[in-house]
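Please keep the sequence and the model open while reading.

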Amino acid sequence: MSRTHAPPIRGILETAIYSDDLFRSHAFYGGVLGLDRVLDTPRMLTYAVAPSQALLVFKRGATRGDLEAAGGLVP
């Protein structure tokens, strides 16, 4: 099997996960792992992970509809 040489991954801009309980998620990501929370809404939490990288924790089911934001519609 021939394998091509892909460029090395130097980071991931955003990683998204879903959670049933944002309070417990924050206890883990903020408390245990010590990540800095930069956004806290009923719909999602956002954590700074590394320079220019973020972890998005979405409330399961809360992102099915569009969201009106100051910058426009977020699908």
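## Residue T46 and the basis of the model

In which strand is T46 found? T46 belongs to strand β3, where strands (E, at least two residues) and helices (H or I, at least four) are DSSP runs numbered from the N terminus. T46 is buried, with a relative accessibility of 9%; buried means under 20% relative accessible area, exposed over 50%, and partly exposed in between, with a 1.4 Å probe and protein chains only. Beyond its neighbours within four places in sequence, T46 contacts D36, R37, V38, L39, A54, L55 and L56, a contact being heavy atoms within 4.5 Å.

The model is predicted: local features need pLDDT of at least 70, side-chain atom pairs count only at pLDDT 80 or more, and totals for chains, interfaces and linings use all residues. Residues are numbered from 1 along each chain as its sequence is written, and side-chain values use heavy atoms, with hydrogens and water left out.

## Confidence

pLDDT is the predictor's confidence in each residue, on a scale from 0 to 100. The protein has a mean pLDDT of 88, and 96% of its residues reach 70 or more. Where pLDDT is low, the predicted coordinates should not be read in detail.

β2 pairs with strand β3 (residues 44-50) in the antiparallel sense, over four bridges. Within this pairing, R37 has Y47 of β3 as its bridge partner, and D36 has A48. β3 also pairs with β4 in the antiparallel sense, over six bridges, and there L45 is partnered by V57 of β4.

Which residues of α1 are buried? They are L22, S25, Y29 and G30. Viewed down the helix axis, the buried residues of α1 fall within an arc of 100°, so they line one face of the helix; the arc is that of the directions from the helix axis to the C-beta atoms. The cover over these buried residues includes β1, β3 and β4. F23, R24, G31 and V32 are exposed on the other side of α1.

At the N-terminal end, α1 is capped by D21, which has a side-chain oxygen 3.0 Å from the backbone nitrogen of F23. After α1 comes G34, with a positive phi near 75°.

H26 lies in α1 and is partly exposed, at 24% relative accessibility. Leaving out residues up to four places away in sequence, H26 touches G31, R37, L45 and Y47. The side chains of H26 and Y47 make a polar contact at 2.7 Å. A polar contact is a pair of N or O atoms within 3.5 Å; within protein, one must be able to donate a hydrogen and the other to accept it, and residues adjacent in sequence count only if both atoms are side-chain atoms. H26 and V57 are 31 residues apart in sequence, and their C-alpha atoms are 9.0 Å apart in space.

β2 and β3 form a hairpin with three residues between them. The hairpin of β3 and β4 has two residues between the strands.

S52 is not a glycine, yet its phi is positive, about 65°.

How values were computed
Pairing = 2+ DSSP bridges.
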